Amino acid sequence: MISPNDWKQQALNQQHTRLPWLHNAASQSAFAAAELPTRKTERWKYSPITALLQQDYLARSASATADETCARARLADLSNASRIVLVNGVLNRALSDFSDLENQGVITLFSMSNPEQRELVNQHLGTACNHSQHLFAAFNDSMLNEGLLIHAPAMQKLAQPVYLVYLGAPQAEPALAQSRVLLVAEPGAELQLVEHFDSCGSQANLFHNHVTEIVLQPNARLRHIRVQVEDEALVHINGLHIQQARDTHYEQHGIAFGSQLKRNDVNVTFTGENAHCEINGVFLSKHRQHIDNHLNLEHAKPHCTSNTSFKGFVTDESRAVFNGRIHIHKDAQKTEAHLNNKNLLLSKKAELNTKPELEIYADDVKCSHGASIGQLDEKSLFYFQSRGIDKASAEAMLCLGFVNEKVEQIPSPAIQQLVADRLAAFFNDVDKLKSLWGM
Amino acid sequence: MSKGNEIDDLISREYEAGFVTQVESDTLPPGLNEDVIRIISGKKNEPEWMLEWRLQAYRQWQQMEIPQWAHMKHPEVDFNSISYYSSPKKNGPKSLDEVDPEILATFEKLGIPLHERGKLAGVAVDAVFDSVSIATTYKEELAKAGVIFCPISEAIQNHPELIQKYLGSVVPQKDNFYAALNSAVFSDGSFVYIPKNTRCPMELSTYFRINELNTGQFERTLIVADEGSYVSYLEGCTAPMRDENQLHAAVVELVALGDAQIKYSTVQNWYPGDAEGKGGIYNFVTKRGLCAGANSKISWTQVETGSAITWKYPSVVLRGDNSVGEFYSVALTNNFQKADTGTKMIHLGKNTRSTIVSKGISAGRSENVYRGLVRISPRADGARNYTQCDSLLIGDKCGAHTFPYIENRNSDSILEHEATTSKVSDDQLFLCRQRGIDEEKAVSMIVNGFCKEVFKELPMEFAVEAGKLLEVSLEGAVG
């Protein structure tokens with residue numbers, strides 16, 4: 001067990017690795033000033049970071065070699081997409097295929113960027129993400145030595161989706177993998193981004209700290225799919241920070257499995273009027289997994305709308321957290337914001353903490369939130385059984401139906417297929433659901 | 001009338017209970033130390049164990065820090081500038097005839113006549129003036145039914161066994177900063193005991209009045225409903241208009257044994273401060289009920305219209321199997337008022353049920369917060385919770401917030417939470433006006449409709465008062 005102070009000192013010692021041409025180093029001071037969260041830190045109330053301190057993850061960077069056959073088997077069949085595969089945070093060219101967009105200057109590694117691109121990075125990095133509020137994002141930024149810039153040019157619709165794969169490979173000793181993405185969509189740009197977090201083999205020795213920043217300039221549109229189906233031994237902290245200018249449109253579909261410690265922060269800030277944000281997600285946890293979803297919507301401008309819907313599936317001895325906050329600033333009139341979180345809690349020893357929050361400082365708004373926690377509906381089970389389907393299968397089908405409502409909304413058949421396969425594997429060792437998948 | 005004017009009208013509404021009563025009083029000098037506690041205890045002629053209990057609380061309080069987590073900022077309370085005991089000089093009246101006529105007139109003016117002929121029909125009242133209980137009506141009738149209803153200081157003398165058993169059993173001395181302070185210095189309050197299988201023959205009520213300058217009011221209420229009994233209890237409060245903030249830190253403990261029911265209703269109308277946010281009461285209250293036995297029920301209903309800052313969470317610990325907890329609340333804030341209120345429902349027993357209905361209305365520059373916790377423990381099989389929090393905003397300078405914590409550790413339970421925030425809709429107003437109802441009346445109707453679910457839980461006398469309070473508050477308010 002490493003003490004929080006030692007952990008922080010270790011992290012501070014690595015700040016010199018930050019790319020020298022990166023300007024804004026506010027993250028370094030923000031990180032230096034921050035304290036590691038404890039149970040008394042409101043934002044981490046239900047998620048102790050003990051797992052993070054149990055091993056000396058900061059001792060070394062994770063090696064970037066992965067078994068190629070295994071890695072290829074993980075990839076979704078997105079034939080027309082530009083594929084970028086990062087193994088433990090490091091680009092793997094053999095597995096990737098994005099030369100088109102690389103040549104066009106749409107996708108660039110920070111380390112290979114030209115002066116114009118560097119200026120773009122310096123202009124936007126850390127603007128969507130408030131480092132003083134997000135300790136692990138500040139940590140990520142404070143020692144940033146590589147990143148990925150996605151620069152969608154103005155008034156263009158990118159025909160092929162950008163498919164980012166973050167692959168974890170097994171490590172002999174505890175190690176740290178960091179990754180960072182900055183997406184800047186210029187005015188009127190339109191694209192689709194798929195983020196796929198996966199692993200080859202056990203991740204018992206890995207701590208993955210990831211940040212994606214998205215800057216949508218006026219009229220830009222982004223469709224974002226996030227699939228987090230890594231090995232359950234992983235410690236993963238993920239920050240997604242989105243800034244939406246006027247008339248932008250952001251749509252997200254996500255699925256996340258639990259792991260030893262998984263934390264997902266999603267932060268949306270409206271900086272212009274008439275922007276719309278739609279977030280759909282489902283999280284699942286089993287065994288002794290832990291998953292924490294923190295969502296924050298900053299309605300800072302009038303006439304914006306947001307719609308957030310999350311489902312949770314929690315079983316065995318796992319613990320899940322959902323915290324969804326809608327913050328309507330003063331003068332953000334005519335805002336319409338809705339958020340809901342529906343959960344299935346299936347086991348006696350599982351735990352679920354949900355907290356939908358509304359913080360409203362403008363009067364001409366329509367806001368609502370809802371949360372529910374329940375079990376499988378007795379009447380539906382009876383309906384199945386009365387038609388000759390045994391109870392176990394009925395339960396399994398109802399669970400799958402519950403989760404599938406969100407999966408079916410994913411706007412990509414290839415990803416839907418990938419998720420369906422992973423769900424089958426996930427459900428296969430949940431006692432109640434074996435009958436359907438344990439074939 | 002233009003919108004702006006109407007909102008101004010609302011903001012400039014008068015506080016009707018803001019007068020000061022001129023009575024000579026016996027007030028301790030400001031400041032707090034162990035000697036002050038000994039003096040308070042001495043004045044009440046308390047037994048040694050009670051003094052010890054207070055001192056223990058005081059020592060714990062000294063170790064504690066002022067809570068900072070609330071969604072509000074206010075000037076720090078200087079605990080050494082407050083006087084912890086104040087009573088009218090002519091203390092200890094044996095009967096109503098001996099009570100200072102000035103004080104009787106005060107309560108009369110507040111609509112709480114204590115005289116035999118003017119008594120509220122069917123409601124027994126305990127009137128508390130600053131730190132002491134002035135009079136309790138209908139004592140004889142209640143005694144006939146075996147019901148004990150008296151100032152808590154009297155109960156400490158006459159029923160020490162009950163006090164020792166139940167005082168602090170629901171809200172321990174060190175529960176929180178203000179509860180610890182209250183445990184150390186509480187001066188009076190009401191004590192109620194309903195014997196087994198008894199239905200209290202009338203509504204019980206306590207009326208609190210802060211009068212003296214620079215005092216804090218620290219009352220303590222303890223209600224014990226023995227097996228199979230029923231009681232309905234009402235609480236009301238007012239204070240004079242002053243520029244200084246005054247502290248009110250009460251503790252209310254309810255204990256419902258098997259099959260017992262307690263219904264606790266509050267209409268809180270402490271002085272809210274003036275239009276500039278100057279003055280007003282800091283209302284930092286700990287209220288908690290324990291459903292100790294099976295099939296017991298505790299129901300809180302509150303209408304919060306007063307106080308500069310309200311900070312209270314009437315809670316229910318559902319320990320008995322099949323026990324029921326309810327919380328119905330209307331909180332109205334105006335000007336610079338801040339209300340942070342809600343409830344905690346702690347489900348421990350099997351098949352426990354709780355219902356939460358909270359309605360917040362914010363106007364002016366006020367802040368209105370619902371903060372609640374629903375916790376289902378691992379052995380609370382079959383637990384059920386339903387929560388609904390709605391907020392109504394009037395004017396664009398106020399805030400309405402909802403912070404519900406839902407913690408579930410049992411897979412045999414169902415929880416639902418819903419919340420909405422909106423303003424009085426133009427469509428609703430249009431519909432009313434189309435039918436010949438003027439705007440002012442329409443808003444009042446809409447707000448009353450908005451609160452109806454809660455008002456219907458109030459006892460008759462209070463429902464009328466609460467309706468009137470809201471109507472006055474919203475005169476001329478058109479969102």
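These legends go with a set of close-up views of a predicted model.

Local features are shown where pLDDT is at least 70, and side-chain atom pairs count only at pLDDT 80 or more, while totals for chains, interfaces and linings use all residues. Residues are numbered from 1 along each chain as its sequence is written, and chains are lettered from A and ligands numbered from 1 in the order in which they are written.

View 1. Chain A splits into domain 1 (4-272) and domain 2 (376-439), with bounds that come from an automatic or database domain assignment. Their C-alpha centres sit 31 Å apart. Even so, eleven residues of domain 1 of chain A are in contact with twelve residues of domain 2 of chain A (contact: C-beta atoms, placed from the backbone, lie within 7 Å). On the domain 1 side, β9 (221-228) and β11 (249-257) of chain A each supply at least two of the touching residues; helices (H or I, at least four residues) and strands (E, at least two) are DSSP runs, numbered from the N terminus. That side of domain 1 is made up of eight nonpolar, one polar and two charged residues. For the classes, Ala, Val, Leu, Ile, Met, Phe, Trp, Tyr, Cys and Pro count as nonpolar, Asp, Glu, Lys and Arg as charged, and the others, Gly among them, as polar.

View 2. Look for A:Ile415, A:Leu418, A:Val419, A:Leu423, A:Phe426 and A:Phe427, the buried residues of α10(A). They take up an arc of only 160 degrees around the axis, so they fall on the same side of α10(A) (the arc is that of the directions from the helix axis to the C-beta atoms). Exposed on the other side are A:Pro413, A:Asp421 and A:Ala425. Buried means 20 or more other C-beta atoms within 10 Å of a residue's own, exposed means 12 or fewer, and partly exposed is in between, with C-beta atoms placed from the backbone.

**View 3. Chain B against chain A.** Here 30 residues of chain B are in contact with 30 residues of chain A. On the chain B side, β22 (384-394), β23 (399-408) and β24 (414-423) are the elements giving two or more residues. Strand β18 (residues 351-360) of chain A runs antiparallel to β23(B), joined by six bridges; strands pair if DSSP finds at least two bridges between them. To find your way in, pick out A:Asn353, which stands opposite B:Glu407 in β23(B).

**View 4. Strand β12 of chain A, buried end to end.** Ten of the ten residues of β12 (residues 261-270) are buried, so the strand is largely enclosed by the rest of the structure. A:Leu261, A:Arg263, A:Asp265, A:Asn267 and A:Thr269 point one way, A:Lys262, A:Asn264, A:Val266, A:Val268 and A:Phe270 the other. Strand β10 (residues 235-244) of chain A pairs with β12(A) in the parallel sense over ten bridges, and A:His241 stands opposite A:Asn267. Strand β14 (residues 290-299) of chain A also runs parallel to β12(A), with eight bridges; there A:Val268 stands opposite A:Leu297.

**View 5. Strand β8 of chain B.** Six of the six residues of β8 (residues 220-225) are buried, so this strand too is largely enclosed by the rest of the structure. B:Arg220, B:Leu222 and B:Val224 point one way, and B:Thr221, B:Ile223 and B:Ala225 the other. Strand β6 (residues 190-194) of chain B pairs with β8(B) in the parallel sense over four bridges, with B:Val192 partnering B:Ile223. The pairing of β8(B) with β11(B) is parallel as well, over six bridges, and puts B:Leu222 opposite B:Glu253.

**View 6. Two loop residues with positive phi.** A:Met155, in the loop between β4 (148-152) and β5 (162-168) of chain A, has phi near 55 degrees, a positive value in a residue other than glycine. A:Met155 is exposed, with 11 other C-beta atoms within 10 Å. In chain B, B:Asp259 sits in the loop between β11 (251-256) and β12 (261-268), and its phi is near 60 degrees. B:Asp259 counts as buried, with 21 C-beta neighbours inside 10 Å.

Note on methods
Contact = placed C-beta atoms within 7 Å.
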